[in-house]
Amino acid sequence: MKHLYRTASLGVALALFTALTPALADNTATVGGLVNKGLVGVGRIPAAQRDKFGETFGSGSGMAIDTSGWTHGADGYKGSLWLLPDRGYNVVGTTDYRPRLNTIGIEFAPVAPGAAPAAGQEQTGVKAALADTMLLTDDKGADATGLDPLNGVRAASGDMPILPQADNGKLALDNEAIVRLPDGSMFISDEYGPNIYRFSADGHLMSATQPPAALVPMRHGAPNFASDNPGPGAAEPDPKDPDTGRQNNQGLEGMAMTPDGKSLIAVLQSAPRQDGGDSPATRQNTRALVYDASDPAHLKLAHEYVVPLPVFKDAKGKTKIAAQSEIVALSDKTFLMLARDSGNGQGLKGDTSLVRQIFVVDVSAATDVAGGVFDAADKPLAPKGVLDPSVTPAKLTPFIDINDKGELGRFGLHNGAPNDKNNLSEKWEAMSVVSVLDPKLPDDYFLFVANDNDFLAQDGFQVGAPYKAEDGADVDTMFLVYQVTLPGLTKK
């Protein structure tokens, strides 16, 4: 598809891409040796779950499976994973929710690909239990916060760059993706910066990496990390949206380490403001940043590519562009990418999602723009959404359609009406893979996909106060597990 995005006219490009949209709705089983064998397990953590701090549990913005502890016995699989929630329950504004990381115990009894679970067992294959919760703190050991950094920029100090700071003086984090390193430390990406943070195994901030200037949100010529979630009585940022850099709430949503441990890939949720990110119809050309991770304390930008997000028509016939929500790296040139629409699903007024799909992204023939003119905020790479003709974007190929009616139906799930607890929720934002541990299938993996339930509960409690989500929303944290063949993923 790469030549499709190099047309001089955005209108022509959108028309051509939209013409292909029906093909993107089909579930593609095989892509260049990668095979989707289908959904093999489903599980839930109830919306009413609370963590050890007595606060409503919400996870699924990021996920990392502990592959070293993954075992297979006669009764199935056992192990654990880490689930990263974002900035806490926020319907009107944000709260002083302390960022944290949850450890989840997993017992998994998959059904055979294509088979149906036994009656009454459709959503019991994945038993997930909250085992522990750890708070994330700043480099001084002080609490961080989920509050919008409306006016604050923490000054650079030592090796630490400028950082988002809330009005209460705390480091502001809107966590989105996690990569766990062999020593227990972890990379966590966020929306506000959009930065990549490295935390110690006990949750202490160790270092931070700022993206190229083209992605840093700027207002009136200065960095400003506000995301326009001021809360009652607080003023909106001026202007409401950044002039350049990441769009509000469209930061480094996806991040993954390559299997060899040498490269860290992070992807912006949608195009920066100056590249068409100011409109749902032109935000197509997002960026994938590939860092040299040989020294985890000092990431170095090695490559940067344009990733064209999928285009679709909404229920009213308007052209829209799906945002990416998470990635899984297959190599430094290919990765899986979850892209979805918004505003539809269980807990919301809209019931039917039009795009929830996992793509294979190949950057091997894409133009590397790292360190070039497009990394500056004043040189748009795709003004008004039209990609500069000197740039070849990555290639996208559909791999898994999460909305596939037949696959969901085998497990008692659906996409669309009735808008009940078996309708998929809106925000599917976490992915991680782990081996099936079968010597006969050395390239087979379980791909875990989880939703971010946005802490939507009817008996919620956070930051010292009870709450009740609007419109009766009571959304479980859910897991969908696919069996996939991923040749070459095994570490060398």
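Let me start with Phe 199, which in this predicted model stands opposite Leu 205 of strand E13. Strand E12, covering residues 196-199, is joined to E13 by four bridges, and the two run antiparallel. These two strands belong to an open sheet of four, in the order E10-E11-E12-E13, with antiparallel pairing. At the edges stand strand E10 (175-180) and strand E13 (205-209), and because each has a single partner strand, one side of each is left without a neighbour in the sheet. On average, and with direction ignored, neighbouring strands of this sheet are turned by 25 degrees against each other.

Met 160 and Met 206 are 46 residues apart along the chain, and their C-alpha atoms are separated by 8.9 Å. Is Met 160 buried or exposed? Its relative accessible area is 11%, which is under the 20% limit, so Met 160 counts as buried.

Which side chain makes a polar contact with the side chain of Asp 444? That partner is Thr 485, at 2.7 Å. If we set aside neighbours within four places in sequence, Asp 444 is in contact with Gln 483, Val 484 and Thr 485, and also with Lys 37, Ser 435 and Val 436.

Key:
Residues numbered from 1 in each chain as written. Predicted model: local features only at pLDDT ≥ 70, side-chain atom pairs only at ≥ 80, totals over all residues. Heavy atoms only, no water. Polar contact = N/O pair within 3.5 Å; in protein donor to acceptor, adjacent residues only side chain to side chain. Contact = heavy atoms within 4.5 Å. Pairing = 2+ DSSP bridges. Axes fitted to C-alpha atoms, helices over the stretch in contact; angles between N-to-C directions. Buried < 20%, exposed > 50% of the residue type's maximum accessible area, 1.4 Å probe, protein only.
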